[in-house]
Each structure stands twice: as C-alpha cells, then as structure tokens.
Amino acid sequence: MFGRGLSKPITLPWIPGSPAYEADKANYFGFDLDRARSLLSQAGAGQFSIEYLISPNFPELSTFGQIYQADLATLGVSLSIKQVESATFFAA
C-alpha cells in the first residue's frame with residue numbers, strides 16, 4: 001500500500017466502474033528504480049538535469065516533487081524544483 005494506506009499507485013486515470021477501465025492495463029507500469037536505471041543506461045543517457053515547475057495553485061505538488069527528486073537522484077538525474085507564478089506555469 002502507498003501513502004500509509006490512504007492511496008495506491010495506479011496506471012489508468014479511470015476507476016474500475018468506468019466504461020473506459022481495462023483491468024489488464026490497470027497495473028501495466030510498476031515502480032522499479034533498478035529497471036529505470038537499466039533502461040537509462042541502455043539508452044546511453046548519462047547524468048542529466050531536469051526542471052520541475054510548480055504552480056502556487058497546487059502546493060501539494062511540492063511534496064510530490066521532493067519524493068520524485070529523491071527517486072530520480074538514485075538514477076543520477078538531478079531534479080530542480082522551481083515554483084513559478086500561475087501564468088508562467090500554464091504557459092510552460
């Protein structure tokens with residue numbers, strides 16, 4: 001379970017009762033940092049940096065960004081978290 005039992009990771013944006021829901025695709029992607037590291041290596045990607053923009057309209061994304069940042073760091077990817085004004089966020 002994820003988030004102390006309050007949520008769980010999902011692949012599809014639809015709930016099981018939705019006509020668009022496909023059970024065989026519900027867990028298509030797993031969380032596997034070792035596999036991610038291997039795929040980056042196979043692709044010839046060295047260490048690199050990316051930027052994660054956060055709008056003040058969605059402050060909860062800051063916490064998510066910190067978790068994402070820590071996971072990416074184990075892969076050699078540097079994530080820069082940057083809070084920007086709403087107009088800049090939506091334009092980007």
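The numbered points take up the basis of the model, the pockets and the core in turn.

1. The model is predicted: local features need pLDDT of at least 70, side-chain atom pairs count only at pLDDT 80 or more, and totals for chains, interfaces and linings use all residues. Residues are numbered from 1 along each chain as its sequence is written, and side-chain values use heavy atoms, with hydrogens and water left out.

2. The largest pocket has a volume of about 800 Å³. Of its 22 lining residues, Gly30, Phe31, Asp32, Leu33 and Asp71 are the closest to its centre. A pocket is an open set of points on a 1 Å grid over the protein atoms alone where a 1.4 Å probe fits, with protein on both sides within 12 Å along at least five of seven lines; lining residues have an atom within 4 Å of a point.

3. Helices α1 (33-42) and α2 (60-73) each give two or more residues to this lining (helices are DSSP runs of H or I, at least four residues; strands are runs of E, at least two). The largest share, five residues, comes from α2. By class, the lining comprises 16 nonpolar, three polar and three charged residues.

4. The second largest pocket holds about 160 Å³. Its lining includes Trp14, Tyr21 and Asn27.

5. Tyr52, Ile54, Leu72, Leu75, Val77 and Leu79 form the largest nonpolar core, a set of buried residues joined through side-chain atoms within 4.5 Å (buried: under 20% relative accessible area, 1.4 Å probe, protein chains only). Strands β1 (48-54) and β2 (77-83) each give two or more residues to this core.

Technical notes. Points joined across faces, edges and corners; volume = space filled by probe spheres on them. Nonpolar A, V, L, I, M, F, W, Y, C, P; charged D, E, K, R; others polar. Buried < 20%, exposed > 50% of the residue type's maximum accessible area, 1.4 Å probe, protein only.
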